[in-house]
Structure formats: structure tokens, C-alpha cells
Amino acid sequence: MPELSISTEQVGFLIEKAREFDVKEDNSDPDSGSNGADDNMVDVLEDDGGDPVVREITSFINAMSEDEQIDLVALMRLGRGDGTIEEWDDLRREAADGRNNRTASYLLGEPLLSDFLAEGLDAFGLTWNDERTTPVR
């Protein structure tokens, strides 16, 4: 079984944050003049481009080592079904070949990121704890 450079706790934190990001929707009423009390805080779930969750995920990923970022991308691709655990070295090599300074943007562009990361961990026989609310370094 291959080993991960990234910890299960780090991946678990990203799964949680990606789920927070996934519940956002496009801004459906850009000219809304109502306040939160009037519309039951519905605007909280709209993505207005200034999402603090995106900044938190981006900062967290950018602070990772190159090996951790490569494993994170390979883990997402494993969970997405681009390969099997037996092909981990190939997935990792492909992730390394495509590595750039936009890893966070790339991952955030994947609609099912949290599910794919969880599936990737599952392929390693690992589970994540969904009770963490602070980042693990």
C-alpha cells in the first residue's frame, strides 16, 4: 500500500471546508436590497466572489508542501475514478506533471471535491473525522 504525504486530518479538514463551499449557489439576485432578517438569511448561501471559505481553503492548500499538494490532487483523482490504488504512482506522477501555483483553484473547480477526497481516502483504507472545525497543519 502506498503512503500519503498529506495527513488524514488535513484531508478531513479540506473535505469539511469543500462541503461548506459546495452549498453555495450563484448570486441569483445581485440587486437585492433586502436585509438578512427579511429574507431569512438566504443571501448567506450565495457565492458573491468574496467567500471566506474559498480564501481559507486557498490559504490552507498554498501553505502545504509540494508533495502534500501533489498527493491531494492525486487523491482527488483516485476518488474520482481516474485510476486505482494500484495505479497510485501514475496518478501521483500525473499530478506532479501538471502541478502549478493554482492547485487550490483547480481543486475548487471540481464540483464533487469533498466526495472525491473521501473516496480517495477510502481507497487507502482511511477514514476522516467530520467533527473538526479548525485547520490541522
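Figure 1. With a relative accessibility of 0%, Phe-13 counts as buried. Keep in mind that what you are looking at is a predicted model. Which residue does the ring of Phe-13 pair with? The partner is Phe-60: the two ring centres sit 4.7 Å apart and the planes meet at 55°, so this pair is tilted. Phe-13 belongs to helix H1 and Phe-60 to helix H2, so the pair ties together parts that are 47 residues apart in sequence. Phe-60 counts as buried too, at 1% relative accessibility.

**Figure 2. Trp-88 and Phe-124, another aromatic pair.** Here the ring centres of Trp-88 and Phe-124 are 4.9 Å apart and the planes stand at 90°, so the pair is edge-to-face. Trp-88 is in helix H4 (residues 88–97), while Phe-124 is in the segment after H6, so to speak a link between distant parts of the chain, 36 residues apart. Are these two residues buried or exposed? Trp-88 counts as buried at 2% relative accessibility, and Phe-124 is buried as well, with a relative accessible area of 8%. The count of aromatic pairs in the model comes to 2.

**Figure 3. Helix H1 and its surroundings.** Helix H1 covers residues 8–22, which makes 15 residues. From its first C-alpha to its last it reaches 20 Å, close to the 21 Å expected. Of those 15 residues, 11 are buried, so H1 is largely enclosed by the rest of the structure. Among the buried ones are Thr-8, Gln-10, Val-11, Gly-12, Leu-14, Ile-15 and Phe-21. Glu-16 and Lys-17 are also on the buried list. What do the buried residues of H1 pack against? Their neighbours are helix H2 (52–62), helix H3 (66–80), helix H5 (103–108) and helix H6 (113–123).

**Figure 4. Arg-19, a partly exposed residue of H1.** Arg-19 lies in helix H1, and with a relative accessible area of 35% it is partly exposed. Which residues does Arg-19 touch, once its neighbours within four places in sequence are left aside? The contacts are Ser-114, Asp-115 and Trp-128. Look for Val-53 in this view too: its C-alpha is separated from that of Arg-19 by 9.9 Å, although the two residues are 34 apart along the chain.

**Figure 5. A cavity inside the model.** The structure holds 1 cavity of 30 Å³ or more. The volume of the largest cavity is about 40 Å³. Its lining is made up of Leu-14, Ala-18, Ile-57, Ile-61, Leu-72, Leu-107, Leu-113 and Leu-117. Which elements give two or more residues to this lining? They are H1, H2 and H6. By class, the lining has 8 nonpolar residues, with no polar and no charged ones.

**Figure 6. Stepping back to the whole chain.** After the close-ups, here is the setting they come from. The protein has 6 helices and 2 strands. Read from the N terminus, the elements run α-β-β-α-α-α-α-α. How much of the protein is buried? Buried residues make up 39% of its 137 residues. Taking contacts between residues at least 6 apart in sequence, 75% join residues at least 24 apart.

How values were computed: Residues are numbered from 1 along each chain as its sequence is written. This is a predicted model: local features need pLDDT of at least 70, side-chain atom pairs count only at pLDDT 80 or more; totals for chains, interfaces and linings use all residues. Side-chain values use heavy atoms; hydrogens and water are left out. Helices (H or I, at least four residues) and strands (E, at least two) are DSSP runs, numbered from the N terminus. The expected span of a helix is 1.5 Å times one less than its number of residues. Buried means under 20% relative accessible area, exposed over 50%, partly exposed in between (1.4 Å probe, protein chains only). Contact means heavy atoms within 4.5 Å. Rings of Phe, Tyr and Trp (its six-membered ring) pair if their centres lie within 6.5 Å; planes under 30 degrees apart count as stacked, over 60 as edge-to-face and the rest as tilted. On a 1 Å grid over the protein atoms alone, a cavity is a set of points where a 1.4 Å probe fits but cannot get out, and a pocket is an open set with protein on both sides within 12 Å along at least five of seven lines; lining residues have an atom within 4 Å of a point. Grid points are joined across faces, edges and corners, and a volume is the space filled by probe spheres set on the points. Ala, Val, Leu, Ile, Met, Phe, Trp, Tyr, Cys and Pro count as nonpolar, Asp, Glu, Lys and Arg as charged, and the others, Gly among them, as polar.
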